[in-house]
Amino acid sequence: MTNRSLGTVLTAVLLASVAFPAAAEPVFNRIASFAVADNMPDGVDPKAPTSSEIITATADGNTLVYSDSPMSAVGFIDITEPKAPKAAGTVAFEGEPTSVTVVGGKALVAVNTRESFVKPSGLLATVDIATRKTEATCDLGGQPDSIAINRDGTLAAIAIENERDEDLNDGALPQMPAGDLVILSLKDGVPDCATVKHVTLTGLAEIAGDDPEPEFVSFNGQDEIALTLQENNHIVIIDAKSGTVKGHFSAGSVDLKNIDTKKDGAISFTGKKDGQKREPDAVKWLDDNRLVVANEGDYEGGSRGFTIFDKTGKVLYESGPSFEYAIAAIGHYPDKRNSKGIEPEGLEAATFGNDNLFFVLSERASIVAVYKDTDAEPELLQLLPSGIGPEGAVAIPGRNLFVTANETDLVEDGGARSHVMIYERAEGVAAYPQIRSADKDGLPVGFGALSGLAAVPGEPGKLYAVSDSVYSSDPAIFTIDATQTPALITDKLTITRDGAPAQKLDIEGVANDGEGGFWLASEGDADKLYANALLRVNKKGEIKKEIAIPTELRAGETRFGFEGITSVGEGDDMVLWMAVQREWKDDEKGFVKLVSYKPSTEEWGAVRYPLEQAGKGWVGLSEITVNGDYAYVIERDNLIGKEAKLKKLFRVALSDLKPAKLGEALPIVKKEEVRDFIPDLRALNGYVVDKVEGFTVDAAGNGYVVTDNDGVDGSSGETLFFGIGPMNAM
């Protein structure tokens with residue numbers, strides 16, 4: 001089966017599974033999110049970066065333990081009530097915890113204590129979970145990465161990476177000293193330091209064989225260890241009891257076709273990469289003979305998917321770009337990190353009920369894929385929304401729980417914190433995605449950064465959406481069928497100028513022009529050479545007219561410009577209204593403009609709109625749309641998670657929209673609150689996202705809302721799309 005047809009099949013399976021789940025089929029849904037910053041010790045700056053990287057659970061499934069490298073600690077979370085996780089303290093180390101696992105009542109923590117890249121060192125710490133005390137340490141003789149325990153809890157294996165300096169000689173190998181594998185015995189969960197055994201791995205790999213860089217370890221039921229050498233593109237099978245290498249093989253390469261290879265502001269599956277090295281990261285045994293690896297790549301390669309091998313190295317299944325296709329179909333494709341695509345990194349495998357499942361974590365798409373192991377071609381069941389940068393995961397089948405650790409903390413940029421997210425498997429309907437795209441010519445229609453909505457005239461449940469400057473090389477108008485669950489993007493219309501995709505646009509609003517075409521609002525940003533402007537586009541997507549703002553407006557503009565557009569009236573009586581996001585230079589603090597333009601006479605005008613007061617950050621407008629006797633406006637702060645306080649829909653009576661000429665005193669309109677969106681944004685049990693950007697009312701009078709996922713750049717990528725019911729009832 002070719003990569004292209006394989007991707008089409010798997011995408012179709014995904015879409016069918018999320019759209020029409022059988023009533024009796026269990027699905028995973030997120031039930032809680034825990035911000036790692038909530039577990040900081042007293043006296044620590046709450047704005048200090050944190051992380052959750054590798055995560056594990058106690059045998060009863062009631063306590064999570066995760067490694068936090070920036071805090072030099074491991075953290076504990078009480079999930080006795082999984083829908084209400086509680087901070088349960090941390091244990092600090094003199095060094096960087098790289099991995100953690102649990103045996104009985106002990107947490108075993110691999111800690112990097114290196115002095116430098118050329119003087120690596122590390123230790124294995126034993127922490128009593130009940131007392132939160134470090135009881136003992138073992139010298140590992142090098143810098144550790146991952147740790148694993150065999151099934152009966154008698155052996156531990158630690159990958160000693162002795163990682164390379166990526167700034168030295170462009171990160172090229174070899175960089176000594178070489179890494180190896182440590183095996184040691186456990187008694188009642190306590191490591192016996194006297195049994196430390198180093199397994200030499202030099203001379204095995206074809207790539208930099210004298211400098212093996214072990215990455216990830218996993219035990220099967222026969223006490224065999226699968227070990228990945230990521231930069232060496234190699235996999236080693238080791239007998240844990242004797243410490244001897246039983247076999248090894250190259251992870252090989254993949255010819256990738258129909259992939260996006262350019263960081264160019266467009267999702268285009270037209271490129272290829274031949275002979276792309278897999279460079280496996282995580283590895284998990286599916287049974288005693290088969291293992292699955294995540295092909296992230298961290299050196300020269302990374303084949304963007306995952307591979308199932310038998311332990312002799314025979315490829316039993318290769319995902320190719322199919323995982324990327326499924327991710328693109330739900331708006332999570334990370335174009336700005338396109339050299340390695342979605343970067344599959346973490347893995348977990350477990351049996352839930354009668355189903356053997358494995359989970360593939362995409363670091364750059366912030367998605368976890370749930371696959372059913374069929375002993376042949378795996379079946380893609382779901383894509384779960386995660387926090388930013390899922391690194392580790394743990395399955396807790398006895399409680400029907402699955403947990404991810406998301407390492408990225410954007411506190412220094414005012415963004416989302418690192419989160420641990422908890423999912424429960426139960427009968428029901430998958431809550432995510434809320435919007436997806438159909439295939440076109442066998443490939444998914446990539447989308448993201450949806451920034452404005454408009455209704456399709458005369459067709460209830462049908463909408464238009466636009467994407468903003470994240471996809472500046474391919475500005476587009478999407479058609480959405482919201483009568484389906486999830487909503488389905490059925491078509492994409494590229495906006496063109498002189499026959500080519502239009503450049504230097506930041507489309508933030510869309511409205512119907514009454515003749516089958518569109519009016520678009522483009523937001524200005526002088527630093528990017530974008531201008532606040534109105535565009536008239538025909539039904540083919542061709543720009544027929546571009547209208548710059550007049551001198552009176554331009555004199556006071558900032559980069560926070562037009563964020564929505566709507567129309568009142570028809571024909572020569574049509575008036576366009578645009579919402580300006582924030583105060584311009586000539587605005588009184590706390591007031592923004594609603595700007596009017598009458599195409600038939602080319603007259604401009606404006607009114608003043610009073611903003612809510614900001615607690616933190618800033619407050620601005622994100623959308624404007626007219627329905628009935630009102631203009632509806634989204635007003636929001638720019639905050640995320642617990643800091644977010646204002647994500648609301650207001651309305652202004654059309655009778656109050658009486659624009660004054662520019663340069664004159666502008667009248668102040670009165671507004672009325674219609675809906676607080678924060679409960680809607682919490683409905684999927686993640687953190688509250690920043691950008692509620694699109695709102696419209698369809699032909700049947702029902703309101704719809706969409707969030708902007710920033711093209712998965714500094715964002716979890718989640719796109720929330722939901723209806724709020726009849727507007728005449730509000």
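In β50, which residue is the bridge partner of T625? The partner is Y632. This is a predicted model, in which local features need pLDDT of at least 70 and side-chain atom pairs count only at pLDDT 80 or more, while totals for chains, interfaces and linings use all residues. Residues are numbered from 1 along each chain as its sequence is written, and side-chain values use heavy atoms, with hydrogens and water left out.

The bridge of T625 and Y632 belongs to the pairing of β49 with strand β50 (residues 630–637), which is antiparallel and runs over eight bridges. Strands here are DSSP runs of E with at least two residues, helices are runs of H or I with at least four residues, and both are numbered from the N terminus. Two strands count as paired if DSSP finds at least two bridges between them. The two strands are part of an open sheet of four strands, in the order β49-β50-β51-β53, with antiparallel pairing. At its edges stand β49 (619–627) and β53 (672–676); each has a single partner strand, so one side of each is left without a neighbour in the sheet. From one strand to the next the twist averages 25 degrees, taken between N-to-C directions on a scale from 0 to 180 degrees, with axes as lines fitted to C-alpha atoms.

A disulfide is a covalent bond between the sulfur atoms of two cysteines; here the term is applied to a pair of cysteine sulfur atoms within 2.5 Å. The structure holds one disulfide, and this joins C138 to C193 with an S to S distance of 1.9 Å. The angle about the S-S bond is -85 degrees, and the link is left-handed. C138 lies in strand β9 (residues 133–139) and C193 in the loop between β13 (190–191) and β14 (197–199), so the pair ties together parts that are 55 residues apart in sequence. C138 is buried, at 3% relative accessible area, whereas C193 is partly exposed at 35%. Buried means under 20% relative accessible area, exposed over 50%, and partly exposed in between, with a 1.4 Å probe and protein chains only.

Salt bridges are counted where a side-chain nitrogen of Lys or Arg is within 4 Å of a carboxyl oxygen of Asp or Glu. By this rule there are 44. One of them joins D713 and K336 at 3.3 Å, N to O. This pair links distant parts of the chain, 377 residues apart: D713 is in the loop between β55 (702–707) and β56 (721–726), and K336 in the loop between α2 (322–328) and β25 (344–352). D713 is partly exposed at 40% relative accessible area, and K336 is partly exposed at 41%.

Another salt bridge joins E546 and R497 at 2.8 Å, N to O. E546 is in strand β44 (residues 543–548) and R497 in strand β39 (residues 496–497), 49 residues apart. Salt bridges that share partners also join R636, D637, K647, D690 and E693 into one network.

E508, in strand β41 (residues 507–512), is buried yet has no salt bridge. The nearest side chain of opposite charge is K691, 7.0 Å away, with Lys and Arg counted as positive, Asp and Glu as negative, and His and the chain ends not counted. Residues that E508 touches include D468, E523, E563 and E693, not counting those up to four places away in sequence; contact means heavy atoms within 4.5 Å.
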